[in-house]
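The following briefing concerns a predicted model. Please consult the sequence and the structure alongside the points below.

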Amino acid sequence: MTAALGVAWVLGAGQYDYLGDGGRLAPGTLPALAGGVMAVCGLGVMLGAFRPQAADAADPTELAPPEGEPPGDGDRTSTGPLVALLGVLTVCLVLAPMIGFDFAFAAATFVILKLIERSSLLAAVSAAVAIWAACFLLFELVLQVPLP
Amino acid sequence: MLNDMLQGAAASVTPENILYCFLGVTIGTVIGMLPGLGSATGVALLLPLTLTLDPLSALIMLAGIYYGSQYGGTISTVLLATPGDSSSAVVLFDGYPMAKKGRAGGALASAAIASFVGGTLSLVALMATLPVLSSVALEFGPPETVALVILGLLSIAGFTGGASLLKGIAAAAFGILIATIGLDAQSGEARMTFGRVELFGGLGYIEVIIGIIAVAEVLRQMGRTAGTPMTAGWRDMIITREELRRTWAPSVRGGVLGFLLGLIPGIGATLASFFSYDVEKRIAGDKRDLFGTGMVEGVAGPESANNAAANASFAPTLTLGIPGSGTTAVLLGAFLVFGLQPGPLMLEQQPTIVWGLLFSFWVGNVLLLVLNLPLAPAFAYVLRVPYSILYPFILFLCLVGSYAVTNRMWSVWVTLVFGVIGFGMEKYGYPVIPVILGLILGPILEVNLSRSLSISHGDPTIFFTRPWSLGVIIFAALTVVVPLALRRLRKTSHREQVIV
């Protein structure tokens with residue numbers, strides 16, 4: 001997929017010219033370069049996947065997880081709840097301009113906690129009210145963000 | 001220079017800025033403690049809330065979140081054996097065994113003191129280094145800037161790529177790729193916009209950063225359950241005389257090592273803490289085998305190193321415009337949002353902001369020491385909040401925060417889409433920090449590449465004929481080749497040992 005996206009970007013960059021006059025930069029040069037690098041790396045990753053992996057690692061740089069990111073312990077998410085969460089968020093964002101961001105997100109919080117996380121009714125209602133209050137107090141009142 | 005420093009110091013200790021620093025380190029400590037929220041996520045999450053502040057106050061608060069989260073991560077590591085931030089992961093080896101022996105307080109107090117020592121040492125060194133680096137950077141023209149961007153991209157991609165350098169470079173290229181969406185700065189032509197008017201201005205840094213780091217992290221961590229932290233009473237927080245004596249030397253060593261490593265773009269606080277642990281273990285002599293059973297040196301050294309490296313990583317960020325670590329890459333985005341362009345001229349043009357920010361690090365370190373020694377047990381109660389209750393709030397902050405940047409629903413959709421992209425990337429082992437770096441450095445690369453080729457009349461050898469440019473390109477190549485060579489060497493010697 002990485003390689004495919006890279007190739008697509010290289011091809012797409014063609015309509016803006018790959019190189020300007022006299023070896024100078026054209027609008028398509030950098031997109032083509034970045035896409036090319038991505039395609040080559042994607043191909044390398046694909047080929048690397050066929051090679052047998054060595055399991056020995058004693059180098060501290062190999063032990064360390066990326067800086068600024070939480071230590072990697074694999075993703076814990078199973079597909080069902082993840083798809084449900086993304087569905088709830090999509091509906092929330094579609095409805096937000098019509099019923100208001102604060103109300104839409106409070107309702108989404110209730111649905112997430114009650115149906116996806118199977119929390120108690122009290123916890124779901126409390127969290128939804130807290131979200132609505134935070135939205136109103138912090139963003140609308142203090143930061144004066146014109147929320148829909 | 002002295003006058004600028006004094007003005008910066010005065011700006012950092014105004015009641016307003018001390019308050020923002022306090023808020024930053026407190027929120028940072030809580031964020032760092034919560035497993036699943038790293039310092040980069042914390043800064044990305046709260047960036048929209050600082051948009052109404054003046055730039056110095058906002059940067060002081062965001063930097064406070066950065067180093068506050070380093071210490072917060074230590075609390076959850078020691079009490080719960082779950083590192084909140086990657087830079088605290090190494091403290092697990094000895095901090096948690098200390099807690100199991102009833103010395104959680106000793107470990108946390110030693111970590112707080114070591115952080116303060118490392119932070120203070122590195123700050124003094126940073127203040128001495130910054131003017132020198134700035135004056136060197138002033139000699140740089142467009143070809144050198146291109147070389148620096150390549151160095152920044154390769155070093156971050158190399159070190160955050162974990163097992164695969166190729167995936168790191170691909171992620172950085174993806175960042176550059178999405179940076180090319182929008183109007184071309186040179187010709188004014190709309191590129192890769194797919195006919196969408198919203199894409200003419202390109203994809204906003206903050207929306208992408210919040211999505212690819214914070215939203216992706218929430219999606220990844222769904223299903224996490226709350227742990228039961230070990231309790232540490234206020235009385236337990238008193239460090240013994242023996243523990244204090246054994247804290248000083250590793251703190252100083254960690255501070256020096258962390259500062260030197262933090263100066264190199266891409267190394268960052270995490271690797272500095274791992275290297276420091278390795279050093280402490282190597283020089284321990286007979287006690288070497290006791291590491292992993294609750295040695296205070298194994299807590300103090302890495303803690304000091306990660307704090308020192310966090311400070312030092314601001315040197316390449318402020319003087320060269322090349323982030324020294326993942327979190328400073330996010331902070332670099334914050335600088336740009338506030339209309340500040342980190343680089344060689346930053347110290348000359350914005351001395352109050354640069355010196356004010358640096359002095360605020362020390363103020364923040366004092367606040368952390370004062371806060372954390374007595375209040376760590378109280379902070380630990382946050383660890384009992386179930387993640388299922390917490391993540392809707394985080395998502396809410398992410399999505400409303402991205403709306404607040406542009407007041408358009410478009411931004412919220414961009415954040416959600418990049419959240420899914422970030423989740424997918426992490427799932428398949430692609431690091432996300434290089435994407436941010438590519439997104440931020442892409443436009444700088446394009447402008448300077450264009451200028452360089454104009455200067456040379458299209459001759460690409462210009463990058464290899466200028467000494468500084470050539471030197472930086474060689475260094476960039478070394479950051480890729482050396483770790484690969486070392487890894488191969490270790491594997492070979494490991495195989496030989498197995499055969500013998």
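B:Val482 counts as partly exposed because its relative accessibility is 39%; partly exposed lies between buried (under 20% relative accessible area) and exposed (over 50%), with a 1.4 Å probe and protein chains only. B:Val482 is placed in helix H21 of chain B, helices being DSSP runs (H or I, at least four residues) numbered from the N terminus.

**Conventions**
- Residues are numbered from 1 along each chain as its sequence is written, and chains are lettered from A and ligands numbered from 1 in the order in which they are written.
- In this predicted model, local features need pLDDT of at least 70, side-chain atom pairs count only at pLDDT 80 or more, and totals for chains, interfaces and linings use all residues, while side-chain values use heavy atoms, leaving out hydrogens and water.

**Helix H5**
- B:Tyr96 belongs to helix H5 (residues 92-100) of chain B.
- With a relative accessible area of 23%, B:Tyr96 is partly exposed.
- Between B:Tyr96 and B:Ala477 there are 39 Å in space, C-alpha to C-alpha, and 381 residues in sequence.

**Contacts of B:Leu358**
- Not counting residues up to four places away in sequence, B:Leu358 touches B:Leu123, B:Leu126, B:Met127, B:Leu130 and B:Leu318, where contact means heavy atoms within 4.5 Å.

**Confidence in chain A**
- Chain A has a mean pLDDT of 79, and 82% of its residues reach 70 or more; pLDDT is the predictor's confidence in each residue, from 0 to 100.
- Over residues 55-64 of chain A, pLDDT stays under 50, and the model has 16 contacts beyond four places in sequence for these residues.

Methods: Helix = DSSP H or I, 4+ residues; strand = E, 2+ residues; numbered from the N terminus.
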